[in-house]
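Keep the 3D view open as you read.

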Amino acid sequence: MKTSKKTYQEVAEACSKYAPVSGGSAARNSSCDCSTPSCLNCVHFDKNEHCDLDLYDQIVERIK
């Protein structure tokens, strides 16, 4: 699901499973600011912009 960078940040901040990528792994998404929590720099977020733990949608619903 495509969404805004702000929403990705809000979801990451609310997610108990958020785990930032470390070191060189962050290069997989060169447009991310890896100093700020975001789905875009989480190890559970794949290259197709999908949470492999299926937590994204339920967190979005909770924070709206």
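At 18% relative accessibility, cysteine 15 counts as buried. The classes are these: buried is under 20% relative accessible area, exposed is over 50%, and partly exposed is in between, with a 1.4 Å probe and protein chains only.

Before going further, a word on what you are looking at. This is a predicted model, in which local features need pLDDT of at least 70 and side-chain atom pairs count only at pLDDT 80 or more, while totals for chains, interfaces and linings use all residues. Residues are numbered from 1 along each chain as its sequence is written, and side-chain values use heavy atoms, with hydrogens and water left out. The pLDDT is the predictor's confidence in each residue, from 0 to 100. The protein chain averages 85 on that scale, and 80% of the residues score at least 70. Over residues 24-28, however, pLDDT stays under 50, and the model has 10 contacts beyond four places in sequence for them. Where pLDDT is low, the predicted coordinates should not be read in detail.

Back to cysteine 15: what does it belong to? Cys15 is one of the 12 residues of the largest nonpolar core, whose other members are Tyr8, Val11, Cys39, Leu40, Cys42, Phe45, Cys51, Leu55, Tyr56, Ile59 and Val60. A nonpolar core is a set of buried Ala, Val, Leu, Ile, Met, Phe, Trp, Tyr and Cys residues joined through side-chain atoms within 4.5 Å. Helix 1 and helix 2 are the elements that give two or more residues to this core, and helix 2 gives the most, with three residues. Helices (H or I, at least four residues) and strands (E, at least two) are DSSP runs, numbered from the N terminus.

Now look along helix 2, residues 56-63, where Tyr56, Ile59 and Val60 are the buried residues. Seen down the helix axis, these buried residues fall within an arc of 100°, so they line one face of helix 2; the arc is that of the directions from the helix axis to the C-beta atoms. They pack against helix 1, residues 5-14. On the face of helix 2 turned away from the buried side you will find the exposed residues Glu61 and Arg62.

Cysteine 39 is buried, at 9% relative accessibility.

A search of the whole structure finds one salt bridge, meaning a side-chain nitrogen of Lys or Arg within 4 Å of a carboxyl oxygen of Asp or Glu. It joins lysine 6 and glutamate 10, whose closest N and O atoms are 3.7 Å apart. Both residues lie in helix 1, four residues apart, about one turn of the helix. Lysine 6 is exposed at 58%, while glutamate 10 is partly exposed at 33% relative accessibility.

Finally, turn to the loop between helix 1 and helix 2, where serine 38 is found. Serine 38 is buried, at 9% relative accessibility, and touches Tyr8, Gln9, Ala12 and Tyr18, not counting residues up to four places away in sequence. Histidine 44 has its place in the loop between these helices too. Leaving aside neighbours within four places in sequence, histidine 44 is in contact with Lys17, Ala19, His50, Cys51, Asp52 and Leu53.

Most residues other than glycine have a negative phi. Glutamate 49, in the loop between helix 1 and helix 2, has a positive phi near 55° and is partly exposed at 22% relative accessibility. Aspartate 54, in the loop between helix 1 and helix 2, also has a positive phi near 55° and is exposed at 53% relative accessibility.

Conventions. Contact means heavy atoms within 4.5 Å.
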